[in-house]
Amino acid sequence: MSDNGKPRFGMYWASSCGGCEISVLNIHDKLLVVDEVFDVVFWPCAADFKYEDVRGYPDGYIDLCLFNGAIRNTENEEMARLLRRKSKVLVAFGSCAYEGCIPALSNLTSKADTLQAVYLNSPSTENPSGILPQPRTSVPEGELEIPEFYHTVKSLGQVVPVDYTIPGCPPEPHQIWAVLETVVAALKGQADLPPAGSIIGAGQTAVCEECPLTKNEKTVRRFYRPWEVKPEPGLCLLEQGLVCMGPATRGGCGALCPQVGMGCRGCYGPLDGVEDQGARMLTALASVVEAGRPGMDEHTLEKEIEAVMDTIADPAGTFYRFSMAHSILKRARVNGNGGKPGLQSGSGE
Amino acid sequence: MSEPFEPLIIGFTCNWCSYRAADLAGTSREKYPPNIRLIRLMCSGRLDPTFVLKALAGGADGVLITGCHPGECHYLEQNFKALRRYLLLRRLLTQMGVEPARVRLVWASAAEGVRLAAEIDRFVEEVRRLGPLNWPAVVSENGAEMPEPATEVTA
C-alpha cells in the first residue's frame, strides 16, 4: 500500500501487440475508479515511469502487476524477473503472457528464418546491405547494446512463477473489471482472493456452451476457409465446414466471434485439465469428419479421409494459434536429423 | 565404437484385437524387438493425440498405434475416428518438424500375432534409420532453454 493507503498498481507489456492495454482502457469510465482505488506506480503505456524507477522500488512494492506479452528476448525476460521480484501479485494478463499467443507461432520456424523474413524478405523491406540486428554494435561513440532475440518464444509462466492468469486475446473488458473488483474487495478485506495459480476472469466451460448458434449433428465432408463461403446465419459454423475452435476453447468471452460469422480462434486457451489445446481440437475436428464407411477397403478409406484433411489449411498454426508456447511440443524442430529446414509457418489466414 | 542406436517406441494397443494379437505373438513364441513398450487402451478410439505428443516430447523416438481392422471395432466405428485423428496428427507433426514415419497406425486382428510382430519389427528398423528424435534437446536448442520456473517468490 502507498502512504495514501491505496494499493499500488503496475502494468507492463513484453512481446505483445498492445491490445491488452486497449482492453483495459475499454472498461471506459470505470478506469476512473481504477485510478481512484489504485496508486499507479508503473505503466509504460499510460504513465511516465522508467525501468530505473522499478529497479529502485523495494521488493514486493507493487501490490498488483498485470503483465501482458510473451517472452521473446532478453529484455522481456529481464523485466519478467524484475517485476516478479517487485510485485506481490503477478498476473499473466492475456494470451501472450499465458501461453505465447501469436508471437509464439514463430516457434514453428527458427530464429534465423524469422529474422530473415522480417529484415530481408518481406515485400515492404528495403535492406540492400542485408543488415540484421546484432546484440552488440560498435559505433564511433562506443558500443550499442540491444536485447537478444530468442530462438523460442516462452510464456511468462515458463520464466517466473505467476499468481494468476487472465486469458484472452485480449481479455474481455467485463472480465477485467470483474477481476479488478474482486482484487479491490480482497484488498479491503471484504472478499477472498481466488486460489493461487488459478485462471480468473474466464468461464469453466467451452465456448460452444455459451454460443447461441443452433447445433445439430455435425458431419463435415470438407472444410472451408473463411473467405470461401458466406456462413448461414444462426447455424453452428463447424457444421458448415468452418473451422471453429469452440469445442476446445475455454469460454467466458461470450462467444463473440462465432456470433458474427467467424469461427472461434481459440484465444481463451484450453479448458481445465487439458494439457494441449491443439490435440483436443484435432480430436474434435477428426470426430466430425464424415468420410469412410465400414465395408470400404482400407486404401480407399484412407484416401477419402485424406481428401477431407486436405481442406484444413495449416493444422498446427490453426490449432495452436494461441497456445504454441504451452503446447506439449512447445516448438517445431527445424534442424534436427531429418527435420525439415525452413518450414512454412504462420496462421495461414 | 559407439553403441548402435536402440530406438524407444511407445505402442498403443486396443483391448479387443491388437493387444490380443501381441499376446498371441508371445504365447506362440513369435519374437519381436524389445524396443516397443506396449500400453493397452480399451479401443484405438480412446487414443487422445495428447498421448502421442506426450510420448514424443518425453523422449520416445516413435509411436505405434494399433487397433482392430476397420469394420471390426468392438465399439463399432471408433477405429474410424482413430484413423482420422492419426491422418490429421501426421500433418500436424510434419509441421512441427517430426518425420511422419515416426508415428504409424497398424490394424491387427486378435488372430494376427505373427503379422503384428513383423510390423513391430519393420517399424523399429524404420525408426532406427531415422535416428533419435530427442525432443527435450529440440526444445532447448540454441541455448533458448526452457528452464523450470525459478522458485524465488517475494509475496
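Axes are lines fitted to C-alpha atoms, for helices over the stretch in contact, and angles run from 0 to 180 degrees between N-to-C directions. The model shown in these views is a predicted one.

**Figure 1. Helix 1 and helix 4 of chain B cross at roughly 90 degrees.** The view takes in helix 1 (residues 18–27) and helix 4 (residues 113–130) of chain B, whose axes come within 7 Å. Angles of 65 to 115 degrees count as roughly perpendicular, and helix 1 and helix 4 of chain B are therefore roughly perpendicular to each other. On the side of helix 1 of chain B, the contact is made by B:Ser18, B:Ala21, B:Ala22, B:Leu24 and B:Ala25. Helix 4 of chain B contributes B:Gly113, B:Val114, B:Leu116 and B:Ala117. Sorted by class, the residues of this contact are seven nonpolar and two polar, with no charged residues.

**Figure 2. Four strands of chain B form an open parallel sheet.** Chain B contains five helices and four strands, arranged along the sequence in the pattern β-α-β-α-β-α-β-α-α. In the sheet, the strands of chain B stand in the order 2-1-3-4. Strand 2 (36–41) and strand 4 (103–107) of chain B are at the edges with a single partner strand each, so one side of each has no neighbour in the sheet. On average, neighbouring strands of this sheet are turned by 20 degrees against each other, direction ignored. Strand 1 (residues 9–14) and strand 2 of chain B run parallel and are joined by six bridges. Within this pair, B:Thr13 stands opposite B:Arg40 of strand 2 of chain B.

**Figure 3. Helix 2 and helix 4 of chain B lie across strands of the chain B sheet.** Helix 2 of chain B lies across strand 1, strand 3 (62–67) and strand 4 of chain B. The angle between helix 2 and strand 3 of chain B is about 150 degrees. Helix 4 of chain B lies across strand 1, strand 2, strand 3 and strand 4 of chain B, running at about 160 degrees to strand 3 of chain B. Of the 155 residues of chain B, 48% count as buried. Among contacts in chain B with a separation of 6 or more, 80% join residues 24 or more positions apart.

**Figure 4. Chain B meets chain A.** Across this interface, 38 residues of chain B are in contact with 49 residues of chain A. Helix 2 (49–57), helix 3 (78–95) and helix 5 (135–139) of chain B each supply at least two residues of the side that touches chain A. Helix 3 of chain B provides the largest share of that side, 11 residues. By class, the side of chain B that touches chain A has 22 nonpolar, seven polar and nine charged residues.

**Figure 5. Five strands of chain A form an open parallel sheet.** The strands of this sheet of chain A follow the order 2-1-3-5-9. Strand 2 (39–42) and strand 9 (164–166) of chain A are the edge strands, each pairing on one side only. Neighbouring strands are turned by 30 degrees against each other on average, direction ignored. Strand 1 (residues 8–13) and strand 3 (residues 62–68) of chain A pair in the parallel sense over five bridges. A:Trp13 stands opposite A:Asn68, a residue of strand 3 of chain A.

Figure 6. A:Glu75 has its place in helix 4 of chain A. With 16 other C-beta atoms within 10 Å, A:Glu75 is partly exposed. A:Glu75 and A:Pro147 are 72 residues apart in sequence, yet their C-alpha atoms are 5.4 Å apart in space.

**Figure 7. Domain 1 of chain A touches domain 2 of chain A.** The domain assignment of chain A gives domain 1 (1–121 + 134–202) and domain 2 (207–312). Taken over C-alpha atoms, the centres of the two domains of chain A are separated by 32 Å. Between them, 10 residues of domain 1 of chain A are in contact with seven residues of domain 2 of chain A. On the side of domain 1, the largest share, three residues, comes from helix 5 (residues 95–99) of chain A. That side of domain 1 of chain A comprises four nonpolar, four polar and two charged residues.

Technical notes. Residues are numbered from 1 along each chain as its sequence is written. Chains are lettered from A and ligands numbered from 1 in the order in which they are written. This is a predicted model: local features need pLDDT of at least 70, side-chain atom pairs count only at pLDDT 80 or more; totals for chains, interfaces and linings use all residues. Two residues are in contact if their C-beta atoms, placed from the backbone, lie within 7 Å. Ala, Val, Leu, Ile, Met, Phe, Trp, Tyr, Cys and Pro count as nonpolar, Asp, Glu, Lys and Arg as charged, and the others, Gly among them, as polar. Domain bounds come from an automatic or database domain assignment. A residue is buried if 20 or more other C-beta atoms lie within 10 Å of its own, exposed if 12 or fewer, and partly exposed in between; C-beta atoms are placed from the backbone. Angles under 35 degrees count as roughly parallel, over 145 as roughly antiparallel, 65 to 115 as roughly perpendicular and the rest as oblique. Two strands pair if DSSP finds at least two bridges between them.
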